[in-house]
Amino acid sequence: MTIIRSVILLLVAYQLITACATSSPLSAPTLSIESAETSRPTLPGYVVRRKDKVPRALILVHGITGDGYSSWTNQSDTYWPDIMKDDPAFNDFDIYAYQYPTSAFGQCLPITDLANHMRTHLKNDGIFSEHDQVVFLAHSMGGLVTRQFLLRNREMVNKVPLVMFFATPTGGSWKANAASLLSTCSQVDDLRKMDVNSYLKSQQSDWLSGGLQERVVSYCAFETQTSEGSLTVDRSSATLLCTKDPEALPTNHSNAVKPNSQRDLSHIIVRNALKELPSLSFQNLGSKPKALSDLLIKTYPITNPVIREPPERFIRYWMQVIFSIRGYKNPDLQLVMQKSGGSPREGPFMKERIAQAEFTLNCLEREGYVRINKTTSQGKWYAEPFDNLGFEFVAEKQTQFLEGLQ
């Protein structure tokens, strides 16, 4: 029985190892490697760099045992960034493939250290200093690395409106439970199911308590086809912490990020998500020293006891949501709540979210950017009722709103 058990564990470990890479599973990429094709750049680095300066960057983050090329390349040798490059929806994006050292056996960097490794390379390559918006597209363990990076570098979150998680084991993978019995690599330990994984428990708690669930819109997609007889990451794990409706992919774990063309579902999901990005002019408000958001934070004290968070933690977010509905015919607080990206939790949390949005609207009215029309209608956000507020944007103040002038 011991021999049979060992063989089963080896098979499960092999499934985990090969789930994210098409190259040899036992060969880990070095900190910076040169592609075999001389035309391909060294990674981590830009794989698509536009001739003219563009305002946005898309960061690809692969999973365990993967790399910046094979993880995004299908069996027809089609590299996803090459598909993106020719799609007009990506015209104002530089595309960057973040690559990190990874292996399923031997000593390896834990996810917490990979977050620092990511920061070093993104800073060195000017990702945040040269772009107004930074969007992450992460596969498998890459999603956990991305979350850890954002938790460690919260001063950068204002430039990150969106993260897309494809088959990310937010709640862990049972295959990692089995593989950890044979592997000494801390990355495998970090991927175990949450009920036996203190790291994933901490990451989830830090993400929620730190307000990132409200500040960063999270799209999730999950695999529906098995790899060697079973799912590598099941739906419940892959959709944990999502703020948008999750998407089911007709692929296995590895092929979730290997589309053949612009018509493949994985590519369509990403393209549609990018269409919902906030305007660049509004995004710039958060980085200007005289931004409208900073003015509101300094000028108007919070008097509602329901609001426990300081205004610098939420006011930029609600300004972004409010501004995003400027094209609607009859904007109101109900619509603001519907457009908010946070996932609902019952009780005081929901009351506070509504109060934050209302506080931001009142501040904007005092500065003359909107006019609030009191209504008698009742609003409802999930199970929480509230007094609805209609409002309209002041046309002559739109330019100032966009430019962030006082």
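Q: In which loop does phenylalanine 105 lie?
A: This is a predicted model, in which local features need pLDDT of at least 70, side-chain atom pairs count only at pLDDT 80 or more, and totals for chains, interfaces and linings use all residues. Residues are numbered from 1 along each chain as its sequence is written, and side-chain values use heavy atoms, with hydrogens and water left out. Helices (H or I, at least four residues) and strands (E, at least two) are DSSP runs numbered from the N terminus. Phenylalanine 105 lies in the loop between strand 3 and helix 3 (111-124).

Q: Does phenylalanine 105 count as buried or partly exposed?
A: Buried means under 20% relative accessible area, exposed over 50%, and partly exposed in between (1.4 Å probe, protein chains only). Phenylalanine 105 has 32% relative accessibility, so the residue counts as partly exposed.

Q: How many residues of strand 3 (residues 93-98) are buried?
A: Phe93, Ile95 and Ala97 point one way from strand 3, while Asp94, Tyr96 and Tyr98 point the other way, and all are buried. In a regular strand the side chains alternate between the two faces of the sheet. For strand 3, the number buried is six of six.

Q: Which residue in strand 3 is the bridge partner of leucine 58?
A: Strands pair if DSSP finds at least two bridges between them. Strand 2 (residues 56-61) and strand 3 pair in the parallel sense over six bridges. Within strand 3, the bridge partner of leucine 58 is isoleucine 95.
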